[in-house]
Every structure is written in structure tokens, then in C-alpha cells.
Amino acid sequence: MNLRIAVQEADFDATAELAALSAGAGGIASFIGVVRGNVGGKTLAALRLEHYPGMTEKALEHLADAAAARWALTGCTIIHRIGRLTPGQNIVLVATASQHRAAALEATAYLIDQLKTAAPFWKAEEFADGTQAWVAARPEDDTAAAAW
Amino acid sequence: MQILYFAWLREKIGLGEELLILPPNVTTPRGLITWLRARGTNYAAGFANEALIRCAVDQEFCALDAPFGAAAEIAFFPPVTGG
């Protein structure tokens, strides 16, 4: 399997990343998470993403390996950004490729669900009014991850 | 042992990592939390609610009650919120 894992401050080029997954594939599925402009009725100025260097990359590789063990994938790309991101900017790209669509679609959904609960990233929200708050984990994310 | 703190736990404790020599009776992450709490009010504040603390031992997620043996690195942090 063609595996690409990256944790970076820089943005990613989704078109180029998807094109890189086409070799040997019959279909490519992808998910891009972007920074919301509004959270709970408050205007967001920025999102700060912190991670655990070293562990993060290993955790993402574990997830990709688990997806590859479950679905016949020809490729898997996970790129997660860190640092300070503003509304509309990309946060994360998950893309998988396979011979047939079901495997890629399911593996992509699986990976984004697992990524929310099994990789050491933390988000803090900076609001336009000057306040800030760490994002609390959502029980429904645990439920979604456990459902697989 | 290298101890790391992330997110609001890092902010409450006031540092991201430190190298500590642990007493021999501290053998689990939960035992380490109890020991750290006694080191200062910043630790007591950070670890006030154990239900909100997760940990990793040598960069693998781990239960708070699992003995860490000869591990080199333990990290404490809130539940993760990536994606």
C-alpha cells in the first residue's frame, strides 16, 4: 500500500495528494476537515492545534495499518496540520484508494472517526471577542469511533 | 523519567516537560499523578479531575492503572480533540 503520513504547519494541496493515490486504484475517497467560522454562536478568530511530536506520527501509522488490515487499500494518505489556523483553512486530509469504491469510502470514514479519538492532537479556540477555550472531547466522537 | 504535559494540563502545571526521579513505590500513571499532586498547587490544579486525564507510556496510549515498568517517557493530557 502507498502510505503517506504527515503532520505539518503548512497547508496541503488536496488535488496533488489525490492524484498521487491514483496509481493502481479504481477509486479514491477523501475527507477534508476545515476550520469553522462560528462555534456555539461565537465568531471564531482562529484554531490552535497542538500535538505530541513522535507519538502523533506513530498513532496515525497505527490507524492506517488498521484500515489497511480491514479493507483492500492501494493507498492511504493522512495529513494533519498543527499550529494556528484561521476559519476556512484546511485542518486535515484523509484519503484512501482502492480497486472498488466501498473499501475507499468505508476506510476514509473509519479513519476520520478514529483520528478524532486515537491520535494525540488538541484544539484550542480563539474567539473574535478575545476569549479562548480548549475544545472538550465529545462523547459522540467516542461512540462513532467505537461503532467500528 | 521524562514526564510530558499537553494542552490545558501543560498550561495549568506551567511546563511542557520535566525529568524526574520517581520514588520506587510509584509504579502506575495513577500513582504518579498522586505523587505529582503533592509537589505543588499547580499540579494539584492540573490533576484535580482524574476523569479528564489520559496518558501515554512510551508514546502509546495507556490505562492509568497499568504498571509502566521500565518506561522512559510518560505523557499526561486531556482527552484528544484532533480531526
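In chain B, strand β3 (residues 54–57) and β4(B) run antiparallel and are joined by three bridges. Strands here are DSSP runs of E of at least two residues, and helices are H or I runs of at least four, numbered from the N terminus. This is a predicted model: local features need pLDDT of at least 70, side-chain atom pairs need 80 or more, and totals for chains, interfaces and linings use all residues. Residues are numbered from 1 along each chain as its sequence is written, and side-chain values use heavy atoms, without hydrogens or water.

**Sheet of chain B**
- Val57(B) stands opposite Glu60(B) in β4(B).
- The open sheet has five strands in the order β2-β1-β5-β3-β4, with mixed pairing (a pair needs at least two DSSP bridges).
- β2 (17–19) and β4 of chain B stand at the edges with a single partner strand each, so one side of each lacks a neighbour in the sheet.

**Interface with chain A**
- 20 residues of chain B are in contact with 25 residues of chain A (heavy atoms within 4.5 Å).
- The buried area is about 1,900 Å², of which carbon and sulfur atoms give 57% (accessible area lost on being put together, 1.4 Å probe, summed over both parts).
- In chain B, Gln59(B), Thr81(B) and Gly83(B) lose the most area to chain A, together 37% of what that side buries.

**Salt bridge**
- The count between chain B and chain A is one salt bridge (a side-chain nitrogen of Lys or Arg within 4 Å of a carboxyl oxygen of Asp or Glu).
- Glu50(A) forms a salt bridge with Arg10(B), with the closest N and O atoms 2.4 Å apart.

Definitions and conventions: Chains are lettered from A and ligands numbered from 1 in the order in which they are written. Buried area is the accessible area (1.4 Å probe) that two parts lose on being put together, summed over both.
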